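This report looks at strand pairing, turns and surface charge. The sequence and structure come first.

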Amino acid sequence: DFVLSPTWQPLLSFRAATYSVEEGGEGTSTTVTPGLRLNYSNASFEYRHARSNNIDDTITSTDTFKINLNYESVFPYLVYTQGEEGIPPLDAAEISVIGAGVVFKINDSMGFRIDVSREDRKDTYIHNTLGAGLSVYF
């Protein structure tokens with residue numbers, strides 16, 4: 001994240017993942033995700049566009065929209081992703097994911113989170129997830 005102003009923040013992430021492939025070797029998938037965050041009052045609105053070069057030489061992309069609410073010690077959010085994904089061993093397919101969660105601030109360097117999500121991989125599966133985690137800020 002880059003802070004240009006208190007209101008607008010350009011976002012950029014890069015991910016490279018190595019997967020085993022059927023032929024006994026390995027392949028790498030890379031994803032570049034630019035985005036933009038708008039901070040307004042006690043809320044922020046994010047848009048991210050991910051573009052992946054997959055190990056099977058396909059190119060896939062997803063669009064993500066996220067709303068974060070910022071209170072003194074509780075931070076709920078809602079997120080929606082739609083597009084195409086090609087993560088081995090599955091072929092590229094249309095996906096949509098809706099998720100929600102809340103982060104509870106423990107102190108200035110730690111938070112506890114609870115998340116739920118529903119992933120629909122068209123004609124393949126629907127996956128519901130409940131998760132929890134501890135975030136450490138530094």
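## Turn residues

Ser41 is exposed, at a relative accessible area of 71% (exposed means over 50%, buried under 20%, partly exposed in between, with a 1.4 Å probe and protein chains only). Its place is the loop between S2 and S3, and its phi is positive, about 55°, although Ser41 is not a glycine. Asp57, in the loop between S3 and S4, is also not a glycine, yet has a positive phi of about 70°. Asp57 is exposed, with a relative accessible area of 74%.

## Basis of the model

The model is predicted: local features need pLDDT of at least 70, side-chain atom pairs count only at pLDDT 80 or more, and totals for chains, interfaces and linings use all residues. Residues are numbered from 1 along each chain as its sequence is written, and side-chain values use heavy atoms, with hydrogens and water left out.

## Strand pairing

Strands are DSSP runs (E, at least two residues), numbered from the N terminus; two of them pair if DSSP finds at least two bridges between them. S2 (residues 26-40) and S3 (residues 43-53) run antiparallel and are joined by nine bridges. They form a hairpin with two residues between them.

S3 also pairs with S4 (residues 59-69), antiparallel, over eleven bridges. This hairpin has five residues between its strands. Ser52 of S3 is the bridge partner of Thr31, and Thr60 in S4 is the bridge partner of Ser52.

## Glu84

Glu84 lies in strand S5 (residues 74-85). At 34% relative accessibility, Glu84 counts as partly exposed.

How values were computed
Helices (H or I, at least four residues) and strands (E, at least two) are DSSP runs, numbered from the N terminus.
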